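Good morning, and thank you for coming.

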Amino acid sequence: MEDKKLIALAKGAMQMAYVPYSHYQVGAALLTKSGKVFTGCNIENAAYSVCNCAERTAIFKAFSEGEHEYDAMAVIADSRRPVPPCGACRQVLSELCPGSMRIILANIKGDVEVTTVAQLLPGAFVSEDMQ
Ligand SMILES: O=c1ccn([C@H]2C[C@H](O)[C@@H](CO)O2)c(=O)[nH]1
Ligand SMILES: [Zn+2]
């Protein structure tokens, strides 16, 4: 699937965001190796610390449905620069995705930046660190 298409699907998911506190909508679209797309939006809460980002919504949807192999993720927001995932999402992506997986960051203006899971979180804490 073309990056443009995955970005368009992320943009669709952005409209589903529940953001009464930040008013900042984010959308994500995760392409699985099997060719399926799982979308996600950010979902906020009056107890701010349990807000869930679009990226984690998308990957948790996929993972919880038995889809564990991923190809790429697109993320979009109405941000000045292509929206960068937060630290919590970077940690989750590091655990569940290959380091070489492409992450396509975008904004509504049309700026796009392509990076990888490993580039987003060099030196990530991993299970081997507990041995
Ligand atoms: O990459 C990002 C950055 C932020 N947010 C959400 C979390 C919160 O709902 C709002 C403001 O931080 O944006 C995401 O979903 N993804
Ligand atoms: Zn996040």
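This is a predicted model: local features need pLDDT of at least 70, side-chain atom pairs count only at pLDDT 80 or more; totals for chains, interfaces and linings use all residues.

**A walk through the fold**

On the scale used here, a residue is buried if 20 or more other C-beta atoms lie within 10 Å of its own, exposed if 12 or fewer, and partly exposed in between, with C-beta atoms placed from the backbone. Glu67 is found in the loop between H2 and S3; helices (H or I, at least four residues) and strands (E, at least two) are DSSP runs numbered from the N terminus. Leaving out residues up to four places away in sequence, Glu67 touches Thr32, Ser34, Lys36, Phe38 and Ala62, where contact means that the C-beta atoms, placed from the backbone, lie within 7 Å. From Glu67 to Glu55 there are 12 residues in sequence and 15 Å in space, C-alpha to C-alpha.

Residues are numbered from 1 along each chain as its sequence is written, and chains are lettered from A and ligands numbered from 1 in the order in which they are written.

We turn now to the sheet. Five strands form an open sheet with mixed pairing, in the order S2-S1-S3-S4-S5. At the edges are strand S2 (37-41) and strand S5 (112-116), each of which pairs on one side only. From one strand to the next, the twist averages 15°. Strands count as paired if DSSP finds at least two bridges between them. In general, strands of a sheet pair through backbone hydrogen bonds, either parallel or antiparallel.

How do S1 and S2 run, and how many bridges join them? Strand S1 (residues 26-32) runs antiparallel to S2, with five bridges between them. Ala29 has Thr39 as its bridge partner in S2, and Leu31 stands opposite Val37. The hairpin of these two strands has four residues between them, and Gly35 there takes a positive phi near 95°. S1 is also joined to S3, by seven bridges and again antiparallel; here Leu30 stands opposite Met73. S3 and S4, by contrast, run parallel and share six bridges, and Ala74 has Ile104 as its bridge partner in S4.

Next, what covers the strands? In S2, five of five residues are buried: Val37, Thr39 and Cys41 on one side, Phe38 and Gly40 on the other. In S3, six of eight residues are buried.

Helix H1 (residues 3-14) lies across S1, S2, strand S3 (70-77) and strand S4 (102-107), and runs at about 135° to S1; the angle is taken between N-to-C directions, on a scale from 0 to 180 degrees, with axes fitted to C-alpha atoms, for helices over the stretch in contact. Ile7 belongs to this helix and, because 22 C-beta neighbours lie inside 10 Å, counts as buried. Beyond four places in sequence, Ile7 touches Ala74, Ile76, Ile104 and Ala106.

In H2, the buried residues include Ala54, Ala58, Ile59 and Ala62. Their cover includes H1, S1, S2, S3 and H3. After H2 comes Gly66, whose phi is positive, near 85°.

The largest nonpolar core has 37 residues, and Ala10, Val26, Ala28, Ala29, Leu30, Ala74 and Val75 have the most contacts inside it. Such a core is a set of buried Ala, Val, Leu, Ile, Met, Phe, Trp, Tyr and Cys residues joined through C-beta atoms within 7 Å. Leu30, apart from neighbours within four places in sequence, is in contact with residues including Val37, Phe38, Ala58 and Ile59.

I close with ligand 1. It is surrounded by 14 residues, the closest being Ser22, Val26, Asn42, Cys53 and Ala54; a residue belongs here if its C-beta atom, placed from the backbone, lies within 6 Å of the molecule. His23 sits in the loop between H1 and S1. Is His23 buried or exposed? With 8 C-beta neighbours inside 10 Å, His23 counts as exposed. Its phi is near 55°, a positive value in a residue other than glycine.

Notes: Two residues are in contact if their C-beta atoms, placed from the backbone, lie within 7 Å.
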